[in-house]
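Subject: Structure handover

Hello,

Here is the structure you asked for. Please open it first, then read my notes below.

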Amino acid sequence: MAITPANQAIFFSLAEVTLGEIYAETEKNIPVIYTQIATEKPSTTSQNVYAWTQMIPKARQWSGPRVVVEPSSLTYILVNRPWELTVGIDEFLSEDDHMGVFYRLLTDQLRQLRRHPDYWLRDLIEATGVFATGQPGSPQLGLDGLTYWNTAHPVDPYVPNPITYCNDFTGGGVAVAGGVPGGSGSNTTVGGTFGVTAFATLYEYMLRMLGEDGEPLGVVPNLLMAPVQLKTECELVLKNQMFSPPSWGAITGQVGAADNVFKRFGVDLLINPYLTSGTKWYLMDSHEGASKPFLWQLREASNVVPRISPDDPVRFDTHRLLWGGRGRGNAGWSFSFLCARSGT
């Protein structure tokens with residue numbers, strides 16, 4: 001199909017119809033990931049500055065004069081980055097394309113632009129692509145000034161020797177005193193290779209995430225994100241009606257199948273096909289209406305500009321038709337206590 005100014009409106013109309021079908025197909029087979037794990041923030045300048053204050057401590061018994069609380073403020077800067085995806089076709093090939101081989105060119109381009117936030121969030125989480133460690137634009141530090149995935153996040157960074165918490169349980173799990181942040185007593189291995197015990201220990205650990213006042217923050221994990229390689233194991237643990245439970249705490253000697261208690265935890269399963277590691281899994285608090293574990297900052301949504309006019313310099317000089325896609329934004333971190341990763 002030759003693309004000319006006279007028929008380009010028809011071409012784009014047909015492309016829009018096809019695009020709608022592709023979007024419907026994509027939604028069915030590969031859902032949008034980033035809206036489930038990241039809070040989208042609009043941006044109107046080159047960067048956003050996110051500011052928040054420390055948690056107000058709990059009330060104290062009134063004995064003597066009042067104690068004035070002045071929480072410290074913290075900031076996090078996320079700079080927007082541009083992206084582009086330009087496709088082209090030789091005008092002569094377009095005119096001779098009687099089989100419509102190049103017809104899906106625009107719909108494929110738009111499909112890739114639509115998936116761009118998922119690609120960049122995956123790269124941020126896994127430190128790959130443009131976010132690879134040591135490369136320009138490598139993952140910025142998290143909100144507390146440490147790497148987002150860390151075994152010793154300070155609960156209160158302004159006090160000496162603060163209580164710390166962990167959100168990186170890769171390497172087969174982490175030995176935690178008492179199995180809770182700031183705990184004492186014998187160590188419990190939290191997380192590790194995905195399975196019943198790893199999931200249960202990590203879920204209970206996150207319930208006990210502490211705030212600056214030493215009390216639970218109220219983190220309640222509701223989403224398990226995993227790669228396709230762990231789909232079967234995750235389905236069995238989260239959704240089976242019955243299973244044979246292991247010994248747990250003081251509960252021992254269980255024989256045969258029992259009711260699957262994990263079904264009542266309210267944790268949804270999100271299989272992310274873009275994840276490249278087949279062993280790492282992520283448990284997070286990603287409730288609607290609240291801050292999610294990651295940020296998707298949008299300065300300019302993806303758009304496509306055609307260069308197909310007969311007097312366009314590119315077409316006139318090189319008989320090439322171009323469609324240039326572009327956008328601006330960035331993937332960033334939110335609060336590290338909202339997500340923990342685990343794995344072998």
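Predicted model: local features only at pLDDT ≥ 70, side-chain atom pairs only at ≥ 80, totals over all residues.

Cys 339 is buried, because its relative accessible area is 0%. Cys 234 also counts as buried, at 0% relative accessibility.

Now the overall picture. The protein chain has seven helices and 17 strands. It runs to 344 residues, of which 42% count as buried. Take the contacts between residues at least 6 apart in sequence: 69% of them join residues at least 24 apart. The accessible surface of the chain is about 17,600 Å². Carbon and sulfur atoms account for 56% of that surface.

Next, the aromatics. The search of the whole structure turned up 23 aromatic pairs. One of them is Tyr 148 with Trp 333: the ring centres are 4.2 Å apart and the planes sit at 10°, so this pair is stacked. A stacked pair needs planes under 30 degrees apart. These two residues come from distant parts of the chain, 185 residues apart. Tyr 148 is in the loop between helix H4 (105-126) and strand E5 (153-154), while Trp 333 is in strand E16 (residues 320-333). Are they buried or exposed? Both Tyr 148 and Trp 333 are buried.

Phe 194 and Trp 281 make another pair. Their ring centres are 5.0 Å apart and their planes are at 85°, so the pair is edge-to-face. This pair also links distant parts of the chain, 87 residues apart. Phe 194 is in the loop between strand E9 (187-190) and helix H5 (196-207). Trp 281 is in strand E14 (residues 281-284). Phe 194 counts as buried because its relative accessibility is 10%, and Trp 281 counts as buried at 0%. Both residues belong to a cluster linked by ring pairs, together with Phe 199, Tyr 203, Phe 262 and Phe 265.

Then the charges. The structure holds eleven salt bridges.

- Lys 58 and Glu 215: the closest N and O atoms are 2.5 Å apart. The partners are 157 residues apart in the chain. Lys 58 is in the loop between strand E2 (47-53) and E3, and Glu 215 is in the loop between H5 and strand E10 (223-226). Lys 58 is partly exposed at 48% relative accessibility, and Glu 215 is partly exposed at 33%.
- Arg 111 and Asp 108: this salt bridge spans 3.4 Å, N to O. Both residues lie in helix H4, three residues apart, which is about one turn of the helix. Arg 111 is buried, with a relative accessible area of 14%, whereas Asp 108 is partly exposed at 27%.
- Lys 239 and Glu 235: the N to O distance is 3.4 Å. Both sit in helix H6 (residues 231-239), four residues apart. Lys 239 counts as partly exposed at 45% relative accessibility, and Glu 235 does at 23%. Salt bridges with shared partners join these two and Lys 231 into one network.

Last, the surface. Which residues form a nonpolar patch there? Val 49, Ile 77 and Val 79, with about 260 Å² of accessible area together. Val 79 is in strand E3 (residues 73-79). It is partly exposed because its relative accessible area is 42%.

Best wishes

Note on methods: Residues numbered from 1 in each chain as written. Heavy atoms only, no water. Phe/Tyr/Trp six-rings, centres within 6.5 Å; stacked < 30°, edge-to-face > 60°. Buried < 20%, exposed > 50% of the residue type's maximum accessible area, 1.4 Å probe, protein only. Contact = heavy atoms within 4.5 Å. Areas by Shrake-Rupley, 256 points an atom, 1.4 Å probe, with all protein chains shown as cover. Patch = residues over 30% accessible without salt bridge, like charges linked within 9 Å, V, L, I, M, F, W, Y side chains within 5 Å. Salt bridge = Lys/Arg side-chain N within 4 Å of Asp/Glu carboxyl O.
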